[in-house]
Amino acid sequence: MTVSAFFMRSSEATFVIMFPKEEVHNIIKENLINEEIRDKELRLIDSDGTQLGIMSLEKALDLANDRKLDLVNIAPNAEPPVCKILDYGKYRYDLQKKEKEAKKKQKTTQVKEIRLSTFIEEHDITVKANTASKFLKDGDKVKVSLRFRGREKDYANKGLEVMQKFVEFISEFGGVEKKPEFEGRSLIMIIAPKADR
């Protein structure tokens, strides 16, 4: 295994940090380009994707310079390393653009909370169910909590009825993922959006 060393100086001492050669590429930068490439032989790919075969670094650099493009090491761990002739600035821009698009497509599911009470009016349940429906339409889960204060815990059945009524109101947009269960003095239920929405 080839080892590369980095020297770090502080006011008191000099430190030598040693890394296997393969890891140095990742530490320094994502891709080595042009004169940064140190391998004597490499496999070269032209800008249009044509395989140009294995050749010396000098010849590959000459070909890249003739086309007024960069020589980019795209697979440093291959034997021999694979380099491609391309416009490095455009290449970096395209990679960043793809990363941004991938992040946009990733949907992070959030859990929104709706609080109910034991003796809630039907109109208030409707308002809260409409809010929960909006969350479910956006693909978020909804945690429904109903806290029992004082002696209200004696009316646990009433709390379960309120939860059931709430589920009926939002049934078009979501279904119960976790049935109502007691956590301390609260009744907790999780509603997930319907998969076909």
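## Close-up views of a predicted protein model

**Figure 1. The whole chain at a glance.** Among contacts in the protein (heavy atoms within 4.5 Å) between residues at least 6 apart in sequence, 51% join residues at least 24 apart. This is a predicted model, in which local features need pLDDT of at least 70, side-chain atom pairs count only at pLDDT 80 or more, and totals for chains, interfaces and linings use all residues. Residues are numbered from 1 along each chain as its sequence is written, and side-chain values use heavy atoms, with hydrogens and water left out. The secondary structure comes to five helices and ten strands. Helices (H or I, at least four residues) and strands (E, at least two) are DSSP runs, numbered from the N terminus. Of the 197 residues, 29% count as buried. Buried means under 20% relative accessible area, exposed over 50%, and partly exposed in between (1.4 Å probe, protein chains only). The protein exposes about 13,500 Å². Carbon and sulfur atoms supply 49% of that area. Accessible areas come from the Shrake-Rupley method with a 1.4 Å probe; for residues, only the protein chains shown count as cover.

**Figure 2. The open sheet β4-β3-β6-β5.** Four strands make up this sheet, and their pairing is mixed. Two strands pair if DSSP finds at least two bridges between them. β4 (51-56) and β5 (70-75) stand at the edges, each with a single partner strand, so one side of each has no neighbour in the sheet. Neighbouring strands are turned by 35 degrees against each other on average, direction ignored. Axes are lines fitted to C-alpha atoms, for helices over the stretch in contact, and angles run from 0 to 180 degrees between N-to-C directions. Strand β3 (residues 41-45) pairs with β4 in the antiparallel sense, over five bridges. Within this pair, E41 stands opposite S56 in β4.

**Figure 3. Helices α2 and α3 on the sheet.** Helix α2 (residues 57-66) lies across β3, β4, β5 and β6 (82-86). α2 runs at about 130 degrees to β4. Helix α3 (residues 88-105) also packs on the sheet, touching β5 and β6. The direction of α3 makes about 40 degrees with that of β5. α3 has 18 residues and reaches 26 Å from its first C-alpha to its last. That is close to the 26 Å expected at 1.5 Å a residue; the expected span is 1.5 Å times one less than the number of residues. At the start of α3, a side-chain oxygen of D87 reaches to within 3.2 Å of the backbone nitrogen of G89.

**Figure 4. The open sheet β7-β8-β10-β9.** Four strands form this sheet, again with mixed pairing. β7 (111-116) and β9 stand at the edges, each with a single partner strand, so one side of each is left without a neighbour in the sheet. On average, neighbouring strands are turned by 20 degrees against each other, direction ignored. β7 and β8 run parallel and are joined by six bridges. In β8, S145 is the bridge partner of R115. Helix α4 (residues 122-137) packs on the sheet and touches β7, β8, β9 and β10. The direction of α4 makes about 170 degrees with that of β7. Helix α5 (residues 156-170) lies across β7, β8, β9 and β10, at about 15 degrees to β10.

**Figure 5. Strand β10 and its partners β8 and β9.** Seven of the eight residues of β10 are buried, so the strand is largely enclosed by the rest of the structure. Strand β8 (residues 141-147) pairs with β10 in the antiparallel sense over six bridges. F182 has L187 in β10 as its bridge partner. β9 and β10 form a hairpin with two residues between them. In the turn, G184 has a positive phi of about 70 degrees.

**Figure 6. Residue S186.** S186 sits in strand β10 (residues 186-193). S186 counts as buried, at 13% relative accessibility. Not counting residues up to four places away in sequence, S186 touches L146, R147 and E181. S186 and S117 are 69 residues apart in sequence, and 9.9 Å apart in space, C-alpha to C-alpha.

Note on methods: Polar contact = N/O pair within 3.5 Å; in protein donor to acceptor, adjacent residues only side chain to side chain.
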